[in-house]
Amino acid sequence: MTTAATPSLPIDFSRIPAARLPAVVHSAPKAELHIHIEGSLEPELIFELAARNGVPLAYPSVEALRAAYAFTNLQSFLDVYYAGASVLLKEQDFHDMAWAYLTRAARDGVVCAELFFDPQTHTDRGVPMGVVIQGLKSACDRAGRELGLRAELILCFLRHLSEEAALQTLQDALPYREHFIGVGLDSSERGHPPEKFSRVFTRAGKLGLHRVAHAGEEGPAAYITAALDVLKVERIDHGVRCTEDPALVERLALQGTPLTVCPLSNIKLCVFPTMAAHNLPALLQAGLMVTVNSDDPAYFGGYLNENYSALLQAHPAALTARHAWQLLRNSLQASFAPAAVRQGWLQQLDAHFAMAAAL
Ligand code: ADE
Ligand code: ZN
């Protein structure tokens with residue numbers, strides 16, 4: 001099993017009681033591997049950008065917009081999310097959005113963030129690809145310089161659109177190839193299986209890009225299998241429905257395929273009825289390489305540390321200090337950063353827990 005790791009230093013996890021655990025986790029180094037940067041757009045910034053760009057909004061106030069964040073499933077959220085993104089027009093807008101997220105993430109102890117972005121949401125409105133990518137990339141570079149946070153971009157294809165559109169999007173992004181490290185697949189999952197995007201993922205692989213895909217959020221376990229076999233992904237985004245196929249769970253554990261799970265998102269989008277019913281502890285128990293992420297934090301009621309807190313609170317018996325350490329370790333280990341960089345972060349994590357256990 002992949003997740004039964006041993007710390008590089010002796011850590012007496014039993015000396016970190018549940019009452020102190022959230023604070024220890026909050027200040028620990030961690031990676032965020034599943035964050036849609038458009039999903040970090042807070043209502044206040046939506047209104048500021050709408051005013052700056054003269055874009056009309058369907059809601060009269062920040063409060064009215066926030067009140068609309070009551071979702072019943074993925075599609076009900078995506079409709080609001082795409083409307084929110086319509087205020088993004090200029091390079092500065094993309095920079096400001098990403099910078100707001102990255103400064104917030106740095107306060108959560110994030111040392112590595114791999115940001116999803118949806119170029120088609122913008123290029124289909126006439127925003128040039130270069131405006132999107134260069135705006136985001138300048139914020140990532142600034143995070144490296146000013147926050148010591150390694151930030152990278154992953155270009156996502158919208159799966160409710162055609163594969164031809166995805167191929168064209170990849171082509172249009174090629175002048176900026178050095179600005180992003182991988183491709184992903186997001187938007188409406190049901191009825192849009194991974195096989196639909198086999199050619200564009202093959203092309204991305206030939207270009208040396210990392211590959212990830214949303215699968216098993218609302219869609220069936222078979223979509224996870226297809227993402228692995230057809231799209232050759234290195235990580236599965238969400239993947240919580242893998243438990244419907246025990247052979248798949250075994251395969252994921254044996255291969256050590258990371259799952260980027262998003263607890264608050266899963267509750268907001270009714271994938272699980274409550275946090276106490278979330279299967280993350282069971283996935284960890286099954287030996288899967290589970291990570292914790294925020295998905296669309298402006299819409300789902302919390303950034304990364306709030307996701308950890310909500311989980312720890314709902315699962316006090318199943319998630320002890322050792323499990324929290326494992327989740328944090330998995331996040332750093334599952335990032336696409338070079339091995340030597342990941343090794344440095346893992347040592348920082350162990351030192352952090354050893355110090356907390358010695359208090
Ligand atoms: N785009 C933004 N958030 C998403 C999610 N949770 N699932 C699929 N597509 C998304
Ligand atoms: Zn997502």
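Which residues in helix 5 meet which residues in helix 7? Hello everyone, let's start there. On the helix 5 side they are Glu91, Phe94, His95, Met97, Ala98, Trp99, Leu102, Thr103 and Ala106, and on the helix 7 side Val131, Val132, Gln134, Gly135, Leu136, Ser138, Ala139, Cys140, Arg142, Ala143, Glu146 and Leu147. Contact here means heavy atoms within 4.5 Å. By class, this contact has 13 nonpolar, 5 polar and 3 charged residues. Ala, Val, Leu, Ile, Met, Phe, Trp, Tyr, Cys and Pro count as nonpolar, Asp, Glu, Lys and Arg as charged, and the others, including Gly, as polar.

A word on the background. This is a predicted model, where local features need pLDDT of at least 70 and side-chain atom pairs count only at pLDDT 80 or more, while totals for chains, interfaces and linings use all residues. Residues are numbered from 1 along each chain as its sequence is written, chains are lettered from A and ligands numbered from 1 in the order written, and side-chain values use heavy atoms, leaving out hydrogens and water.

Now the whole chain. Its secondary structure comes to 17 helices and 8 strands, which are DSSP runs numbered from the N terminus (helices H or I, at least four residues; strands E, at least two). Along its principal axes, the C-alpha trace spans about 55 × 40 × 40 Å. Of the 359 residues, 58% are buried. Buried means under 20% relative accessible area, exposed over 50%, and partly exposed in between, using a 1.4 Å probe and protein chains only.

Leu312 sits in helix 15, residues 304-314, and counts as buried because its relative accessibility is 11%. Leaving aside residues up to four places away in sequence, Leu312 touches Leu21, Pro22, Val25, Leu319 and Ala324.

Ser187 has a positive phi of about 80° although it is not a glycine. Ser187 lies in the loop between strand 4 and helix 9, and at 7% relative accessibility it is buried. Cys270 has a positive phi too, near 60°. Cys270 is in the loop between helix 12 and helix 13, and is partly exposed at 47%.
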